[in-house]
Amino acid sequence: MKEINLGMVLIENRHKRGITQEQLAEYMGVSKAAVSKWETGATYPDILMLPRLATYFDISIDELMGYKPQMEKAEIRRWYCRLSEEFASCPFEEALEHCREMAKKYYSCYPFLFQIALLLVNHSMLAANPSETRQIIDEAKELFLRVKNGTDDPGLGKEAVQMEAYCLLFLKHPEEVLELLDTDEITTGPSEPLLASAYQMTGNIQQAKQTLQVGIYKGILTLCNLLSSYMNLCLDDRKSFEHTCSRLQALVDTFHLDTLHPGILLSCYLTMAQGWSAFAEKEKALALLEQYTSLATSAIYPLRLHGDSYFYLLDSWFDTSLSLGTYPPRKESIVRHSMTQALADNPAFTAFAKDLRFQGMVSRLKNNEEGKEHASG
């Protein structure tokens with residue numbers, strides 16, 4: 001939503017229709033000076049005059065006021081990138097307050113409100129203390145709830161439910177998560193095969209292929225997340241944990257996730273390393289952390305979503321279908337810092353604090369925060 005700019009709207013519409021200030025003043029029953037003040041923004045017309053003004057120019061009152069409650073996707077992307085940059089370059093409270101102001105301005109633009117809530121979640125760890133972090137997550141939860149209840153886009157509504165559940169888990173309300181997600185609905189499976197068949201029947205083979213590539217890609221990421229979550233439940237059964245690690249690694253190798261989606265692979269490495277650490281398998285844990293460090297400090301920057309030789313139709317889908325396009329949800333400087341924190345400040349690796357290999361990894365990650373690691377080869 002842009003600021004109210006009635007004066008400019010009046011000027012544009014007068015000129016477009018060849019109407020003078022005197023003519024408009026006569027129609028409205030006011031002086032020419034009054035119209036002049038409206039156009040310069042010195043004063044505004046009485047609220048009761050707005051319907052008559054809008055009717056005169058054959059526009060809506062929203063158009064008359066320059067009010068745009070909905071953003072286009074490109075504008076949402078620009079604002080997200082701008083606000084994300086503020087979290088990286090401005091004082092945290094200043095960036096947070098700007099997000100809150102924008103949420104109030106666009107309270108009925110649900111796609112943008114969803115992105116504001118994501119910004120809060122993705123930067124909540126920058127808060128001064130855990131209590132403030134919880135407060136920010138709670139704010140985000142309320143925004144996701146509003147999106148869920150207000151949007152008429154089923155896809156956005158589903159995403160809002162998932163993020164609401166994430167916030168509830170963070171806030172330690174598991175019963176509410178179960179109530180939110182544990183339904184008896186029958187799963188019908190992904191829609192991509194049906195869509196692809198329809199495209200094929202209309203002769204649009206390229207679109208059919210892209211649809212299936214997108215479905216496979218999303219399925220891989222979903223499977224990685226499912227296996228990682230299952231791994232955390234296998235810490236009471238070493239054999240099941242090891243078996244799950246093997247299957248996850250096979251998926252990683254098959255689809256070359258080190259280049260296709262290094263972000264999710266970094267998360268997988270951490271999960272596996274944490275598990276082996278819990279089993280007191282120091283060497284296996286350190287080996288995975290070495291892989292984590294090597295990937296985090298490799299030539300994966302600038303971080304962007306992209307396809308590869310197999311998923312060769314993904315790039316255009318990222319750009320046109322995702323709210324942020326190929327951009328990551330946080331600025332790269334914050335992402336690099338979080339990579340270091342995930343290893344250096346992780347309670348699961350406290351036992352490795354004095355290990356020289358571990359210390360070397362932390363040092364490399366800190367250098368990577370400053371962009372030194374890859375630059376130095």
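The structure holds 17 aromatic pairs, a pair being two rings of Phe, Tyr or Trp (its six-membered ring) with centres within 6.5 Å; planes under 30 degrees apart count as stacked, over 60 as edge-to-face and the rest as tilted. One of them joins Tyr106 and Phe112, whose ring centres lie 5.0 Å apart with planes at 65°, so this pair is edge-to-face. Tyr106 is buried, at 2% relative accessible area, and Phe112 is buried with a value of 2%; here buried means under 20% relative accessible area, exposed over 50%, and partly exposed in between (1.4 Å probe, protein chains only). The model is predicted, so local features need pLDDT of at least 70 and side-chain atom pairs count only at pLDDT 80 or more, while totals for chains, interfaces and linings use all residues. Residues are numbered from 1 along each chain as its sequence is written, and side-chain values use heavy atoms, with hydrogens and water left out.

Now for the overall picture. The chain has 21 helices and zero strands; these are DSSP runs numbered from the N terminus, with helices (H or I) of at least four residues and strands (E) of at least two. Of its 377 residues, 41% count as buried. The C-alpha trace spans about 85 × 55 × 45 Å along its principal axes.

Tyr217, Phe255, Tyr310, Phe311, Trp317 and Phe318 form one aromatic cluster. Tyr310 lies in the loop between H17 and H18 and is partly exposed, at 48% relative accessible area. Elsewhere, Arg146 lies over the face of Tyr107, 3.8 Å from the ring centre, and the charged end of Arg336 sits over the ring of Tyr301, 3.7 Å from its centre. The rule for such a contact is that NZ of Lys or CZ of Arg is within 6 Å of the ring centre and within 35 degrees of the ring normal.

Salt bridges (a side-chain nitrogen of Lys or Arg within 4 Å of a carboxyl oxygen of Asp or Glu) come to a count of 17. Asp355 pairs with Lys282, with the closest N and O atoms 3.0 Å apart. Asp355 belongs to the loop between helix H19 (332–344) and helix H20 (356–369) and Lys282 to helix H17, so the pair ties together parts that are 73 residues apart in sequence. Asp355 is buried, at 16% relative accessibility, whereas Lys282 is partly exposed at 36%. Glu283 and Arg357 meet in another salt bridge, at 2.9 Å from N to O; Glu283 lies in helix H17 and Arg357 in helix H20, so parts 74 residues apart in sequence are tied together. Glu290 of helix H17 and Arg364 of helix H20 are likewise 74 residues apart, and their salt bridge has its closest N and O atoms at 2.7 Å.

Finally, some backbone sites deserve a look. Most residues other than glycine have a negative phi, and most peptide bonds are trans. Asp58, although not a glycine, has a positive phi of about 60°; this residue is found in the loop between helix H4 (50–57) and helix H5 (61–65) and is exposed, at 68%. His256, also not a glycine, has a positive phi of about 50° and is partly exposed at 47%. The peptide bond from Tyr301 to Pro302 is cis, with omega near 0°, and Pro302 sits in the loop between helix H17 (282–296) and helix H18 (314–321).
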